[in-house]
Every structure is written in structure tokens, then in C-alpha cells.
Amino acid sequence: MVLFVYLGLFTWNIRTGYVDNLASHTGLELTRWVLTPGRWVWTRVSSFWERYVYFVGLRQENEVLRDELARANEELVGAREQASLAKRLTGILMITPPPEWSREAARVIAHRLGPNAALETFVIDRGSRHGVEINTPVISPEGVVGRVLRYSMSAATVIMITDPNSKIPVVSQKTRTQGILVGRGPNLGMSLQYVALNAPLEKGETLVTTGLEGIFPQGLPVAEVSDVSREGSSLFLNVQAQALFDPKRMEEVALLRKIPPPRPPEATEADDALPDTSTKRPKGAAERKGEVKKRGRNEPPEARPQESLPRKKRGEGQ
Amino acid sequence: MTGSRLTFWSIFTLAGLWMQSFMPGVDFLAPGLILSLQEEKPRATIVLGLIWLLLQEGTGSLAFGTVVLWYGVLAALFFFGHWLFEAKNFLFMIILGACLGVLHFGLMNVMTQLQDWRVPPGRVLLESVVQAVVFPVQWGLAYIIYNHLPHNGQDV
């Protein structure tokens, strides 16, 4: 009976498709309404989970990136510092030393130091071991900075041209007006002294060294004229100038050293070959000098001991 | 001198030199001389004083002798004031700092005049004021640190 009903329903459904439609519109629909929220929940949960996992990974990645950024920043600061150093050192290297002078770079390690530092000075990392001497000229790419005041084996104190005790003979580059450039202290500029009232000095002219003081080579830029005026009944012009370098921003400087002129080798050979026409003292001069010392400079030459001279025998040569 | 004290004076000297490079014209080692006179044996004070004397004379730009006078007058002021005040009194250090400020101004002017040099008086005056203010403060700090060193357990 059951088999009969089943076969009948089956055959009827194949022919009409009613049961299939009924199943589809109920079961399928119901399943859809059941599954869809579940799927939504599942999607959300899985999405949340993925995002959580992603954020955990992101956090780790963020930390890694932060470390990398810190390292990159550190490298950037280092690279900028290196670039700045390279630029400054290039400036030092671009300084062309005058003929017969050599150039050596030095680092500024301190400015005025201690209670005894009365003058406008700074300390560099070069000393007698590097050939530094008293009055060795110190320059920067902009111009003259100062000269060595005192030194040790590997350090030296440099007095700046802006110090009131620094006096340099200079000449203006354009009108060739001479004067003595004197410092006035920190942030006070410099003054050019002993400039005649009729001197054709102009504002903005560059003052260069004359080399007359025997310390600086000739023609190095020192300062720029900032003001030219007349003052009361003074016999000289009132000339103000500004140093070309900035003491606060100075980190490297260059030292100038005079190269001793090499003695040409042919000169020694010529000395041997040619007769001596120089004003060198002949042999025995030292002994005679000793005699002068013994007898004293103001003593007449007649007082020289006679035993050193060849004595003539009586009647000889007559 | 024990290892801790030796370390203290070494660090004090290094820190003093560094501070002097930041504040030119001011002596950051002078409070150490007073502290040493108060706390150390005379021989240690003489050694420390000689080292500091050479450091200050070497880094300065005046002819040798200024720092001898500077530390000499400071020691004399300490011994003179020792009779009148309690040696470790902060008020005494303030007075000593003020005296040092006046001394710096006078000594700089006299010694530069003797060498026929000129210094900006405004700058020297400012340095003198800073010296007078820094001295008692630095002495106080050094005194506290010194008395917290191992084997130096004293009431601060």
C-alpha cells in the first residue's frame, strides 16, 4: 500500500513537478533563511578574526617599521652630518694657499676656556707635533680668522682677529687704501684705523692682508667695510668693518705654514766649481771673532796680540 | 686617597673642564679647591691644586701667574673666613663666591693692563656675576655628592 502510494506520488511529481516546487519553496527557502544569518555571522566572525590576526601582525609589523624608521632617521642624521662635514671640509680644501705656503686642516675643539681666558680665543686640535708655531696664520674658507697664540704638543690656542688686541695691517682691494684693522670684541665688529680723510675708501670693499707684519701672507681677505664716516675733528676717517667669518659657526679651520725654499742641487755643485766670491767669512774668521770678543768691541785693532801676525825679521824686505 | 675619592675628583675635574667649555670665563674647579681644603688632607689638596693650576694656566690666554694669584687668594680667603665663619656654612660659601666675583673682575683688569692688553669690561663683569652665582651652588652639589661617597658617611 505504502509502495503503491509512493510510486503514485513519484509518478505524479515527475509529470507535474508540484512536490518539487513545494520542497523548493519551503525547504530551500527555509534553509536559505537559516543559513544566511549564520553565514553573515560566520563572515563577520571570520572577518573579525582575520582582522584581529591582521592587526596583531600589523602591530608587529608596525613595531618593525618603527625600528626601521628610527634606524633610518639615525642614518639620515648621520648622513646629513657627514654631508655638512664634507661641505665644510670641501670649503677648507678649496682654499688655495699662497705660493710657498702649505695648508693643513684643523678642528675647533673649544672656544674660550677657564677663568684665565681673557682674550677672544679658541682651541684647535693641532700642535707642535703638526708643525704649529707661535703666530701660525689660521684661516677659514671666508678669510683670515686669527693666529696661534700658544700651543702644546697636539693643541693650540688661536687668538681671533676680532679680539681688541689684534691689529693687522690691511689694504682695501679696490681703492688700495691702507690702514690698521683692529678688533673690538665679540659681536662688535672691527675698526680700520689711521685712514686719511681724503682716502677713496668705499662701503662694501674687501680688506686684504698686506703681509707687512710678517705673519700673514699678502692678499688674504680679512673683513668687509661696513661704514665710512667722518667724526668731529679727527684727522682720520671713522671706518667700521665686519669680519668675514662667523665665530659661532666655526668648526674647522686651516693652518698656513711657510714652506722652506728647497736648495737647488746645482747650487752646491757650483759652489765647488766656481771660486768663492761670496761674502761668507773666510776660514779663521771665527777665531778672529773670538779675539774680538776677548778684547772687546770698543778696543782698537792695534791692541790685537801681535803673536798671531807673521813677524818680519829686521832688515827683511828692505 | 681612597678609590672612590680618586674617582670623585677625576670626574669632578673632567666635568669642570666640560662646564668651562660651555661657560667661558668661569672657574668650575674653584669650588673643588675649597671642598678639598675642607675634606681632604693638605697633601691631596696641594696635588689637586697643582693639577688644576696647570689646567687653568694652560687653557687660558694670559701669561703664567694669574691663576696662581686666583687660587692663592681663594685659599687665603678661605683660611681668613675660617676664623670668622663655620667653614662648611652655605652663607660662608655665598660670601666666598661674591669675593671671587670681585676678584675675577679686579684680577682680569690688572693682569691685562700689566700685559698691555684690553678686554671688554662688560664681558668681564658678566663673567664675575656668573662666577659669584655658580660658586656656592656648585660647592653645595659637590659637597653633597662627596659626603654620599662610600666610606664618607657624614651628616649632610
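Predicted model: local features only at pLDDT ≥ 70, side-chain atom pairs only at ≥ 80, totals over all residues.
Local features are described only at pLDDT of at least 70 and side-chain atom pairs count only at pLDDT 80 or more, while totals for chains, interfaces and linings use all residues. Residues are numbered from 1 along each chain as its sequence is written, and chains are lettered from A in the order in which they are written.

Select chain A, which has four helices and twelve strands; helices (H or I, at least four residues) and strands (E, at least two) are DSSP runs, numbered from the N terminus. Of its 318 residues, 23% are buried, a residue being buried if 20 or more other C-beta atoms lie within 10 Å of its own, exposed if 12 or fewer, and partly exposed in between, with C-beta atoms placed from the backbone.

Next, colour the strands S1-S2-S5-S4-S3-S12 of chain A, which form, in that order, a closed barrel of six strands with antiparallel pairing; two strands pair if DSSP finds at least two bridges between them. The twist from one strand to the next averages 45°.

Then move to two loops of chain A. A:Asn187, in the loop between strands S7 (178-183) and S8 (190-193), has a positive phi near 60° in a residue other than glycine, and it counts as exposed because it has 9 C-beta neighbours inside 10 Å. A:Tyr194, in the loop between S8 and strand S9 (206-209) of chain A, has a positive phi of about 60° although it is not a glycine, and with 14 other C-beta atoms within 10 Å A:Tyr194 is partly exposed.

Finally, select H3 (residues 42-59) and H4 (residues 66-84) of chain B, which pack at an angle of about 140° with their axes 9 Å apart; axes are lines fitted to C-alpha atoms over the stretch in contact, and angles run from 0 to 180 degrees between N-to-C directions. That angle makes H3(B) oblique to H4(B), since angles under 35 degrees count as roughly parallel, over 145 as roughly antiparallel, 65 to 115 as roughly perpendicular and the rest as oblique. Show B:Gly49, B:Leu53, B:Gln56 and B:Glu57 of H3(B) with B:Val67, B:Val68 and B:Tyr71 of H4(B), which make the contact (C-beta atoms, placed from the backbone, within 7 Å).

Notes:
Contact = placed C-beta atoms within 7 Å.
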